[in-house]
Amino acid sequence: MPQFSQSRFAAWLQIIVSHRREESGLYAEIAGYLPLDDAERVLDIGTGTGLQLRAIHQLQPSIGLFGIDLSSAAIDAANRAIGDLEPDLKVGSIEKTTCPDDFFNIVTCNSSMSYWDNPLSCFNEIYRILKPGGVVKLFEPHQDIDLEGALDQIRENMADKSPLRRWGAVQLNKYTLERGSKFGLNLYTRNELLELSRTSSFGVNSSVDQVSLLDIPIFVCIHLWKPNP
Ligand SMILES: C[S@@+](CC[C@H](N)C(=O)[O-])C[C@H]1O[C@@H](n2cnc3c(N)ncnc32)[C@H](O)[C@@H]1O
């Protein structure tokens with residue numbers, strides 16, 4: 001991943017964006033997809049400022065919170081934002097972690113997988129650290145989207161915000177979805193993601209489903225699972 005995402009500027013932008021996402025209810029909506037009942041440990045990959053973990057904690061306060069991010073600036077921000085929840089936050093790539101085998105009940109991420117340099121190795125590492133019976137749900141924008149429809153939905157969602165703030169959100173999303181490849185974003189098609197999942201250690205234990213988050217129709221949920229022996 002290029003240097004931009006590791007920069008202090010990227011971390012600063014991420015702090016602003018992630019607080020807006022939290023306020024919009026995005027992280028709470030994602031947490032609602034996770035099978036949190038009785039789960040002991042959850043890992044959020046590319047956790048950024050860690051606010052996804054806070055939304056998970058709000059639904060399941062007893063779950064152990066773990067986060068990993070390539071960017072030390074992001075992990076510093078996460079420690080400041082959710083340090084009170086005593087999460088285990090690490091700087092590093094999901095491609096090769098120090099986590100034990102069969103460790104997490106749930107692995108999730110929001111808008112990180114499309115930045116991974118070697119997604120196949122990352123999926124295989126997730127398989128290694130996932131407990132048998134565990135579930136992975138990765139939420140990502142994908143390539144086959146109706147961009148104008150998505151931007152209209154963002155405008156509608158932000159109808160009660162100031163015109164400047166609405167314009168800023170639309171421009172940021174438009175730029176990211178159209179030009180993100182300049183800073184390391186690789187948007188995949190749904191079929192490419194399914195092929196990647198099936199080629200990984202998860203094999204047939206995988207599906208890729210289109211989902212709308214906050215009614216914005218640009219996401220897929222990559223659903224992977226590791227059966228009990
Ligand atoms: C667009 S941000 C999303 C942050 C957060 N999930 C959120 O919703 O606000 C993507 C994050 O993924 C991280 N990232 C990229 N590649 C990674 C990798 N291989 N392993 C762990 N984190 C990674 C980046 O450093 C960045 O913080």
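**Entry 1: the ligand**

Helices (H or I, at least four residues) and strands (E, at least two) are DSSP runs, numbered from the N terminus. I note that this is a predicted model: local features need pLDDT of at least 70, side-chain atom pairs count only at pLDDT 80 or more, and totals for chains, interfaces and linings use all residues. Residues are numbered from 1 along each chain as its sequence is written.

I recorded that helix 1 (8–24), strand 2 (64–69) and strand 4 (104–110) each supply at least two residues of the shell. Among the 24 residues around the ligand, Gly46, Gly48, Ser71, Asn110 and Ser112 come nearest; a residue is near a molecule if its C-beta atom, placed from the backbone, lies within 6 Å of it.

I traced an open sheet of seven strands in the order 3-2-1-4-5-7-6, with mixed pairing. Strand 3 and strand 6 are the edge strands, as each pairs on one side only; two strands pair if DSSP finds at least two bridges between them. From one strand to the next, the twist averages 20°. Strands of a sheet pair through backbone hydrogen bonds, either parallel or antiparallel. Strand 1 (residues 41–45) and strand 2 pair in the parallel sense over five bridges. I found leucine 65 in strand 2 as the bridge partner of valine 42.

**Entry 2: the core**

I then asked which residues of the largest nonpolar core touch the most other members. Of its 55 residues, they are Val42, Ile56, Val107 and Ile126. Such a core is a set of buried Ala, Val, Leu, Ile, Met, Phe, Trp, Tyr and Cys residues joined through C-beta atoms within 7 Å. Helix 4 (residues 72–82) gives the most to this core, with seven residues. In helix 4, the buried residues include Ala73, Ile75 and Ile82; a residue is buried if 20 or more other C-beta atoms lie within 10 Å of its own, exposed if 12 or fewer, and partly exposed in between, with C-beta atoms placed from the backbone.

**Entry 3: serine 212**

I located serine 212 in strand 6 (residues 206–213). Is serine 212 buried or exposed? It counts as exposed because it has 12 C-beta neighbours inside 10 Å. Leaving aside neighbours within four places in sequence, serine 212 is in contact with Pro217 and Phe219; contact requires that the C-beta atoms of two residues, placed from the backbone, lie within 7 Å.

Definitions and conventions: Axes are lines fitted to C-alpha atoms, for helices over the stretch in contact, and angles run from 0 to 180 degrees between N-to-C directions.
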